[in-house]
Amino acid sequence: MSFNDALKTRDFAITGQLNLANAQDAESLRNQGETLRPAVDAVQLLDAKQPHMSGLAAAALLIGNGVDPVVHMNCRDRNRLALQKDLLGAAALGVTSVVIARGAKIPKSARVGVRNVFDTPALEFMAYIQGLKQDEDEKRLSPEFQIGANAEMFGPEPDWVPKNLIRKCDAGANFVQLQICFDMDVARRYMARIVAAKLTHRASFVMALSPLPSAQAARWIQANVKGALVPDAIVRRLEQASDPESEGIDICAALLREAATIPGVSGANLLTLGNLDTIPAAIEASGLRRCA
């Protein structure tokens, strides 16, 4: 089943995020894919700031092993022509879903000989992809090709209107990948406004969660991941646990169950800073599906 199929047919789609920085070669990447494959509908390939295996190469290897990849593409690193070539190459490989983002600016301290490109705004690139989907003459992309966008959850005011998300949907976004959020009260209030704006009729919304391996990992996310919501109560639970990894799995499983009850949420993407096996373990513990 592909990610596209899961969004259409499952009550709650689940994806898992590979760590491309840990994929030193084809075998290690395939091993990660095989760890996640029984538990998820697709595997997300993040386009990070540090050098790692390309999303296109990883997608080709995963497709060959029966894993559906969702390829992230940042406008930070490529000019317009490179973005277009990578997109068409991905489609030729069999990729059916991408997430398009501006990409976080590379800080000066890490920019030795590296330049931020930002030649094409993310909205423009989404609109380009949408145009390819609608072009009946060339037919380079299937109308079913999924365009993803990013967004951050927060506690909105009652009169908040999601103007940026409306623009992303206007540009062609079919699904929205939300930043990691462990605060279900915030998630419910945010999604209530999304539902009220009728955006769930235009795009699927996918939350992000994690089986955190330790309190240290939780604090790192708090400090370094823009827009991530990890309450201090979660950090304290991990600090006080005799087995933080097991506690992280239990926390993630409980939040995953609750996320599946939030109106407007179509699925979840699980990522981890620890052992990749904890992602299938959290999904299994949630009771949402069996991973054998």
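A crossing is left-handed if the near helix is turned anticlockwise from the far one by less than a right angle, and right-handed if clockwise. The structure shown is a predicted model, in which local features need pLDDT of at least 70 and side-chain atom pairs count only at pLDDT 80 or more, while totals for chains, interfaces and linings use all residues. Residues are numbered from 1 along each chain as its sequence is written, and side-chain values use heavy atoms, with hydrogens and water left out.

**View 1. Helices α8 and α9 cross in a left-handed sense.** Helix α8 spans residues 215-224 and helix α9 residues 232-240; helices (H or I, at least four residues) and strands (E, at least two) are DSSP runs, numbered from the N terminus. Their axes come within 8 Å and cross at roughly 160 degrees. Axes are lines fitted to C-alpha atoms, for helices over the stretch in contact, and angles run from 0 to 180 degrees between N-to-C directions. The angle makes α8 roughly antiparallel to α9 (under 35 degrees counts as roughly parallel, over 145 as roughly antiparallel, 65 to 115 as roughly perpendicular and the rest as oblique). A215, A218, R219 and Q222 of α8 meet D232, V235, L238 and E239 of α9, where contact means heavy atoms within 4.5 Å.

**View 2. Helices α10 and α11 cross in a right-handed sense.** The axes of α10 (residues 244-259) and α11 (residues 278-286) lie 8 Å apart, and the helices pack at an angle of about 50 degrees. The two are therefore oblique to each other. From α10 the contact involves E245, I249, C252, A253, L256 and R257; from α11 it involves T278, A281, A282, I283, A285 and S286.

**View 3. Strand β8 pairs with β1 and with β7.** Two strands pair if DSSP finds at least two bridges between them. β1 (residues 13-18) runs parallel to β8 and is joined to it by four bridges; in this pairing I14 stands opposite A268 of β8. β7 (residues 204-209) is also parallel to β8, over five bridges, with V206 the bridge partner of G267. Five of the six residues of β8 (residues 265-270) are buried, so the strand is largely enclosed by the rest of the structure. Buried means under 20% relative accessible area, exposed over 50% and partly exposed in between (1.4 Å probe, protein chains only).

**View 4. F125 and Y128 form an aromatic pair within helix α5.** The whole structure holds five aromatic pairs. Rings of Phe, Tyr and Trp (its six-membered ring) pair if their centres lie within 6.5 Å; planes under 30 degrees apart count as stacked, over 60 as edge-to-face and the rest as tilted. The ring centres of F125 and Y128 are 6.0 Å apart and the planes stand at 10 degrees, so this pair is stacked. Both residues lie in α5 (residues 122-134), three residues apart, about one turn of the helix. F125 is buried at 3% relative accessibility, whereas Y128 is partly exposed at 24%.

**View 5. F154 and Y190 pair edge-to-face.** Their ring centres are 5.6 Å apart, with the planes at 70 degrees. The pair links distant parts of the chain, 36 residues apart: F154 is in the loop between β5 (146-151) and α6 (163-171), and Y190 is in helix α7 (residues 184-196). F154 is partly exposed, with a relative accessible area of 35%; Y190 is buried, at 1%. Together with W160, F154 and Y190 form one aromatic cluster.
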